[in-house]
Amino acid sequence: MPFSNKYIQLRIEKANQLKELGYNPYSNHSQRNTTISKYINVNSDVEHLENKRDEKRNYTLSGRIKFFRVMGKASFLKIEDESGMLQVYVSRDNLPEGFYNDVFKKLIEVGDIIEVSGYPFVTNQGELSLHVDTLKLLTKAISPLPEKFHGVTDKEIRYRQRYLDLIMDSEVRKTFQTRSKIISLTRRFFEDKGFLEVETPMMHPIAGGANAKPFVTHHNALGIDRYLRIAPELYLKRLIVGGFEAVFEINRNFRNEGMDATHNPEFTSIEFYWAYKTYKDLIEITKEYFKYLFDHLNLPTLLPYGQMEVDFADFKEIPLITSLFEIGGVPQDIVNDKEKILEFLRANKLEAKPAMSLGQLQGVLFDEFVEEKLINPTFITDYPVDISPLARRNDEHPEITERFELFIAGREIANAFSELNDPVDQLSRFEGQMSAKDAGDDEAHEMDVDFVNALSYGMAPTAGQGIGMDRLVMLLTNEHSIRDVLLFPAMKPIHGEVKENHEEEK
RNA sequence: GUCUCGUUAGCUCAGCUGGUAGAGCACGUCACUUUUAAUGAUGUGGCCGAUGGUUCGAAUCCAUCACGGGACACCA
């Protein structure tokens with residue numbers, strides 16, 4: 001039952017009284033002529049003036065009331081707009097007869113959005129403020145705000161009612177402003193390099209481009225199922241076949257998997273594909289990209305992340321196999337021996353599946369012993385071919401691929417490789433994935449015949465890369481949960497919020 | 001999915017080994033014309049997440065469920 005709360009009832013009553021007195025509690029006539037941060041900048045000289053005020057200046061500002069201090073016939077409020085917070089001084093004798101006592105004190109309160117006009121002055125305590133001569137309610141808030149000192153700390157409320165979180169915490173607003181800047185800088189970086197931004201389908205007939213479980217939806221007109229995309233990769237490569245030489249897409253992917261501090265069912269990535277380049281060129285452009293972000297975000301090269309400090313002047317490059325013994329401390333003589341790896345895993349009380357290939361086992365060793373130790377940016381290169389179904393083989397060493405993943409602060413940030421463009425090899429790798437699927441791997445890659453067909457027309461040698469934007473934003477804003485960099489993270493519906501949709505278990 | 005912690009007033013939180021619900025902020029009333037989480041006085045405000053059980057008696061103990069946090073698993 002909405003609005004049954006007694007505090008809300010009281011506030012609705014106040015809104016009604018305002019209406020009766022001829023004041024619209026939801027006025028649409030804003031006369032604002034500057035923002036709070038501009039006001040503070042422009043009037044920074046006022047503290048040096050005689051009487052610390054300039055009555056000839058006049059400004060009209062708007063904002064939400066965050067603090068309301070009444071002291072008899074005078075009051076101090078703090079109002080906040082997107083740009084900042086400002087103290088305003090309101091006194092009985094500067095307002096129309098009766099307004100201060102009957103309207104201002106009784107019917108306006110914390111949470112309401114008001115508009116004030118007046119001149120700048122500095123208080124005895126030295127704070128630049130606005131001396132109000134006109135005050136008007138723009139929007140009545142009928143729900144009370146949370147406690148002014150602690151704000152909202154309950155994460156459930158913060159995520160479910162993000163608007164409240166944003167009202168109460170300017171740091172949260174700042175995180176999302178930084179996120180927006182990162183996306184915008186990324187777009188500009190690649191555009192400046194001559195990349196073309198494209199939009200490829202979000203609904204796929206075949207969920208390809210990654211190994212993940214898709215969300216399924218249904219297209220009524222065609223009577224067929226569609227999959228929300230798990231990656232845009234195969235469509236972007238079709239564009240390279242078509243003759244575009246540098247394309248990128250920043251958009252959402254959807255994966256039907258668990259949720260935790262680094263996984264949300266929908267997440268944002270950039271993927272970019274660059275013809276006539278190799279993964280070596282991608283390493284260079286990635287370093288350049290990070291430098292570009294750091295320069296434009298004014299971030300320190302030694303970036304704190306939780307207890308860690310990440311040195312962005314120290315990009316390293318190391319082959320996966322080498323990292324196993326040099327960083328992971330795995331005995332060097334076992335890393336190319338399937339049986340010895342299995343033995344080593346068992347000795348370390350880790351799951352050892354004999355069905356796994358050598359490459360898969362090397363991947364397991366990497367995940368267990370190396371990944372979390374990669375604090376400074378590290379390009380791990382030369383991935384085994386059997387865990388890289390879409391990457392190009394190395395010409396000299398066909399069992400490894402021309403691929404890297406970038407790790408920072410113990411976490412994967414990017415995945416890149418020289419693209420496989422041999423249509424016959426691609427077909428057989430898809431077939432390999434199909435047998436894995438038949439053997440029970442429900443995340444093996446789907447066969448995409450049209451993609452193989454596209455490759456058969458010839459795709460120029462190309463390098464491609466994906467970067468998880470949410471995790472990148474986490475890194476650059478020192479946030480440790482993906483929910484804190486998503487405005488509206490996925491949450492379970494609270495009971496009764498959504499009609500139960502009984503799905504049949506597969 | 002597993003383990004674990006949590007859920008008490010609009011918000012932030014107390015509430016011991018079971019005895020009938022507390023504070024601060026907010027809100028109402030009063031005082032106060034330079035405050036800084038303003039202050040002082042006073043008052044209103046609760047299905048103690050839901051359902052069952054144990055008990056003379058449950059916010060408190062037990063069980064199940066719901067939602068959330070954290071960890072693990074899964075997820076390149």
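This is a stop-by-stop tour of a predicted model of a protein with RNA strand B.

**Before you start**

Residues count from 1 along each chain as its sequence is written, while chains are lettered from A and ligands numbered from 1 in written order. Because the model is predicted, local features need pLDDT of at least 70 and side-chain atom pairs count only at pLDDT 80 or more, whereas totals for chains, interfaces and linings use all residues, and side-chain values use heavy atoms, with hydrogens and water left out.

Helices (H or I, at least four residues) and strands (E, at least two) are DSSP runs, numbered from the N terminus.

**Stop 1**

Colour the protein side by residue class. You get 18 nonpolar, 13 polar and 22 charged residues. Here Ala, Val, Leu, Ile, Met, Phe, Trp, Tyr, Cys and Pro count as nonpolar, Asp, Glu, Lys and Arg as charged, and the others, Gly among them, as polar.

Several elements each supply at least two residues of this surface, including helix 1 (6–20), strand 1 (59–71), strand 2 (74–81) and strand 3 (84–91). Helix 4 (155–160) and strand 16 (403–408) are also among them.

- Gln 87: a polar side-chain atom lies 2.6 Å from a base oxygen of RNA strand B.
- Gln 125: a polar side-chain atom lies 2.4 Å from a phosphate oxygen.
- Arg 483: a polar side-chain atom lies 3.3 Å from a phosphate oxygen.

**Stop 2**

Strand 3 and strand 5 (residues 128–139) run parallel, joined by three bridges. Strands pair if DSSP finds at least two bridges between them.

**Stop 3: Arg 173**

Go to helix 6 (residues 170–192) and select Arg 173. Buried or exposed? Arg 173 has 18% relative accessibility, so it counts as buried. The cut-offs are under 20% relative accessible area for buried, over 50% for exposed and partly exposed in between, with a 1.4 Å probe and protein chains only.

Show its surroundings. Beyond neighbours within four places in sequence, Arg 173 is in contact (heavy atoms within 4.5 Å) with Glu 80, Leu 166 and Ile 167. The side chains of Arg 173 and Glu 80 make a polar contact at 2.7 Å. That term covers N or O pairs within 3.5 Å; within protein, one atom must be able to donate a hydrogen and the other to accept it, and residues adjacent in sequence count only if both atoms are side-chain atoms.

**Stop 4**

Select strands 6-10-11-18-17-16-15-14. These eight strands form an open sheet in that order, with mixed pairing. Strand 6 (196–197) and strand 14 (316–319) stand at the edges; each has a single partner strand, so one side of each lacks a neighbour in the sheet.

Zoom in on strand 18 (residues 462–468). Six of its seven residues are buried, so the rest of the structure largely encloses this strand. Strand 17 (residues 411–418) pairs with strand 18 in the antiparallel sense over five bridges. Strand 11 and strand 18 are also antiparallel, with seven bridges.

Click Ile 467 in strand 18. Ala 414 is a bridge partner of Ile 467, and Ile 270 stands opposite Ile 467 as well. Gln 465 in strand 18 stands opposite Ala 416.

**Stop 5**

Move to helix 14 (residues 469–477). Eight of its nine residues are buried, among them Met 469, Asp 470 and Leu 472.

Asn 478 follows helix 14, with a positive phi near 55°. Most residues other than glycine have a negative phi. Asn 478 is partly exposed, at 32% relative accessible area.

Finish at Asn 298, in the loop between helix 8 (279–297) and strand 12 (302–305). Asn 298 is not a glycine, yet its phi is positive at about 55°. With 68% relative accessibility, Asn 298 counts as exposed.

Note on methods
Near = heavy atom within 4 Å.
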